[in-house]
Amino acid sequence: MELRLPAPSLVVLVGPSSAGKSTWAAKHFTSTEVVSSDMLRAMVGAGPDDQAAGTAAFQILETVVAERLRRGLTTVVDTLGLNADNRARWVALAHDQD
């Protein structure tokens, strides 16, 4: 299956832990297009599962997503995606940037 999306696009992955979201994103997008909460937790904490680093990781994620959307870059948000307010905010940001 070939993935066809307009460029730029916002893609928000939603699903439980270990469902394959990161694997799917890596198959369809470049590493620079994917903003991953696990990778950010690993960068600011002791590893991708370091929940104590979650607050800092999500602050960085919000900044990176907003800046990528402001610059008109395809952005894939790789988190559990379960927070409806976060999803709505990202979609609103994308709409604000056309």
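Me: Which residue forms a salt bridge with Arg89, and how far apart are the closest N and O atoms?

Reply: Start with the general idea: side chains of opposite charge can pair when their charged atoms come close. To count as a salt bridge, a side-chain nitrogen of Lys or Arg must be within 4 Å of a carboxyl oxygen of Asp or Glu. Here the partner is Glu62, and the closest N and O atoms of Glu62 and Arg89 are 2.8 Å apart. Glu62 sits in helix H3 and Arg89 in helix H4 (residues 84–96), so this pair ties together parts that are 27 residues apart in sequence. Before we go on, keep in mind that this is a predicted model, where local features need pLDDT of at least 70 and side-chain atom pairs count only at pLDDT 80 or more, while totals for chains, interfaces and linings use all residues. Residues are numbered from 1 along each chain as its sequence is written, and side-chain values use heavy atoms, with hydrogens and water left out.

Me: What are the helix and strand names based on?

Reply: They are DSSP runs numbered from the N terminus: helices are H or I with at least four residues, and strands are E with at least two.

Me: Back to that pair. Does each one count as buried, partly exposed or exposed, going by relative accessibility?

Reply: First the cut-offs: buried is under 20% relative accessible area, exposed is over 50%, and partly exposed is in between (1.4 Å probe, protein chains only). Glu62 has 21% relative accessibility, so it counts as partly exposed. Arg89, at 36%, is partly exposed too.

Me: How many salt bridges does a search of the whole structure find?

Reply: Four. One of them joins the side chains of Glu67 and Arg70, at 2.5 Å from N to O. Those two are three residues apart in helix H3, so about one helical turn separates them. Glu67 is partly exposed, because its relative accessibility is 34%.

Me: Which side chain meets Arg4 in a salt bridge?

Reply: That of Glu2, at 3.6 Å from N to O. Arg4 belongs to the segment before strand E1 (10–13). Both partners count as exposed: Arg4 has a relative accessible area of 67%, and Glu2 has 61%.

Me: At roughly what angle do the axes of H3 and H4 cross?

Reply: In general, two packed helices are described by the angle between their axes and the distance between the axes. Axes are lines fitted to C-alpha atoms, for helices over the stretch in contact, and the angles between N-to-C directions run from 0 to 180 degrees. For H3 and H4 the angle is roughly 25 degrees, and the axes come within 9 Å. That makes H3 and H4 roughly parallel, since the label covers angles under 35 degrees, with over 145 being roughly antiparallel, 65 to 115 roughly perpendicular and the rest oblique.

Me: How close do the axes of H2 and H3 come?

Reply: Within 8 Å, crossing at roughly 120 degrees. H2 is therefore oblique to H3. The crossing of H2 past H3 is right-handed, and so is that of H3 past H4. Right-handed means the near helix is turned clockwise from the far one by less than a right angle, and left-handed means anticlockwise.

Me: Which residues form a nonpolar patch on the surface?

Reply: Met43, Val44, Ile60 and Val64, with about 330 Å² of accessible area together. Helix H2 (37–44) and helix H3 (54–70) are the elements that give two or more residues to this patch. Patch members have over 30% relative accessible area and no salt bridge; nonpolar side chains (Val, Leu, Ile, Met, Phe, Trp, Tyr) are joined within 5 Å, and like charges within 9 Å. The areas come from the Shrake-Rupley method with a 1.4 Å probe, and for residues only the protein chains shown count as cover. Val64, which lies in helix H3, counts as partly exposed because its relative accessibility is 31%.

Me: What kind of peptide bond joins Ala7 and Pro8?

Reply: A cis one, with omega about 0 degrees. Pro8 is in the segment before E1.

Me: What is the phi of Ser18?

Reply: Near 70 degrees, a positive value in a residue other than glycine. Ser18 is in the loop between E1 and helix H1 (21–28), and counts as exposed because its relative accessibility is 78%. Asp98 also has a positive phi, near 65 degrees. Asp98 lies in the segment after H4 and, at 85% relative accessibility, is exposed.
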